[in-house]
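Please walk me through this structure, one part after another.

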Amino acid sequence: MATHSVHSATAAEIAAVADVLTLAFGTDPAARWSWADPRVYLASFPRFVRAFGGAAFERGTAYVVDDNKGAALWLPPGAEPDETAMGSLMQETVPESIGKDGLSVMQQMESYHPGEPHWYLPLIGIDPAHQGRGLGGVLMRHALAECDRDGCLAYLESSNPRNVPLYQHLGFELLGTIQAGTSPKLFPMLRKPQRRS
């Protein structure tokens with residue numbers, strides 16, 4: 001059985017992590033709905049990574065597996081996405097034709113977030129050259145062990161229906177479906193802390 005190393009990414013690694021997540025989300029339904037033009041996607045997604053999950057770098061909860069083959073940006077209780085940067089990015093880069101639907105999706109996402117303290121996973125992705133090797137599970141279990149230790153909820157929205165079974169296998173429950181107009185579906189999921197046997 002292969003052993004994998006997970007470490008907390010430093011601020012100096014933000015660009016490298018943004019690059020691997022940009023590769024990982026290159027075929028993601030929600031990301032490519034937002035930025036269908038490849039050039040706009042490649043220019044915008046690294047900024048999105050910083051705005052949506054950048055607070056994880058400050059908290060030491062931006063996790064990288066096996067020398068940046070994949071990354072997960074977790075926001076522990078008290079950490080939030082940079083809504084100002086997110087709003088500016090969307091206004092500048094997302095086509096006007098989907099802007100109203102995008103705003104509705106964001107509002108629905110907010111409505112599913114637990115009211116109590118929780119860990120939030122805005123982004124997780126594996127370099128396509130290394131997908132299918134269990135690295136996503138390694139990253140998930142690393143952070144979920146902290147959630148279980150602290151007795152804390154974990155919450156995410158899966159932007160790809162293919163990933164829902166993995167999250168369910170890790171203890172997440174599907175809360176509903178987020179969708180507006182032409183947007184693809186997102187799947188809000190919540191995991192209660194689990195006791196170790």
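In this predicted model, helix α1 passes α3 in a right-handed crossing. Helix α1 covers residues 14-24, and its axis lies 9 Å from that of α3, at an angle of about 125 degrees. An angle of this kind is neither roughly perpendicular, which ends at 115 degrees, nor roughly antiparallel, which begins over 145, and α1 and α3 are therefore oblique to each other. On the α1 side the contact is made by Ile-14, Ala-15, Ala-18, Leu-21 and Thr-22. Helix α3 contributes Tyr-41, Leu-42, Phe-45, Pro-46, Val-49 and Arg-50 to that contact.

Helix α3 also packs against helix α5, residues 83-93, with the axes 9 Å apart and an angle of about 165 degrees. Because angles over 145 degrees count as roughly antiparallel, α3 is roughly antiparallel to α5. The crossing of these two helices is left-handed. Val-40, Ser-44, Arg-47, Phe-48, Ala-51 and Phe-52 of α3 take part in the contact, and the residues they meet in α5 are Ala-85, Met-86, Leu-89, Met-90, Glu-92 and Thr-93.

The largest nonpolar core has 40 residues. Those with the most contacts inside this core are Val-17, Leu-21, Phe-25, Phe-45, Phe-48, Leu-73 and Leu-123. Helix α3, residues 38-53, gives the most to the core, with 6 residues. Leaving aside residues up to four places away in sequence, Phe-48 touches Trp-35, Gly-53, Met-86, Leu-89, Met-90 and Leu-123. Another core, of 24 residues, lies apart from the largest one. Trp-74, Leu-135, Val-138 and Leu-144 are among its members.

Next comes the sheet. Its 7 strands form an open sheet with mixed pairing, in the order β1-β2-β3-β4-β5-β7-β6. At the edges are β1 (6-8) and β6, each of which pairs on one side only. Strands β1 and β2 are antiparallel and share 3 bridges, and Val-6 stands opposite Val-65 in β2.

Strand β2 in turn runs antiparallel to β3, joined to it by 4 bridges. Here the bridge partner of Val-65 is Gly-70 in β3. The hairpin of β2 and β3 has 4 residues between the strands, and within this hairpin Asp-66 takes a positive phi near 45 degrees. Strand β3 (residues 70-75) then pairs with β4 (residues 118-126), again in the antiparallel sense, over 5 bridges. Leu-75 has Tyr-120 of β4 as its bridge partner.

In a regular strand the side chains alternate between the two faces of the sheet. Are the residues on the two sides of β2 buried or exposed? Ala-62 and Val-64 on one side are buried, and Tyr-63 and Val-65 on the other are buried too, so that both faces of the strand are covered.

Helix α7, residues 135-150, lies across β1, β2 (62-65), β3, β4, β5 (153-158) and β7. The helix runs at about 165 degrees to β4.

Ser-183 is found between β6 (173-174) and β7 (187-191). Its relative accessibility is 6%, and because buried means under 20%, Ser-183 counts as buried. Not counting residues up to four places away in sequence, Ser-183 touches Trp-33 and Val-105.

Key. Residues are numbered from 1 along each chain as its sequence is written. This is a predicted model: local features need pLDDT of at least 70, side-chain atom pairs count only at pLDDT 80 or more; totals for chains, interfaces and linings use all residues. Side-chain values use heavy atoms; hydrogens and water are left out. Buried means under 20% relative accessible area, exposed over 50%, partly exposed in between (1.4 Å probe, protein chains only). Contact means heavy atoms within 4.5 Å. Two strands pair if DSSP finds at least two bridges between them. Axes are lines fitted to C-alpha atoms, for helices over the stretch in contact, and angles run from 0 to 180 degrees between N-to-C directions. A nonpolar core is a set of buried Ala, Val, Leu, Ile, Met, Phe, Trp, Tyr and Cys residues joined through side-chain atoms within 4.5 Å. Angles under 35 degrees count as roughly parallel, over 145 as roughly antiparallel, 65 to 115 as roughly perpendicular and the rest as oblique. A crossing is left-handed if the near helix is turned anticlockwise from the far one by less than a right angle, and right-handed if clockwise.
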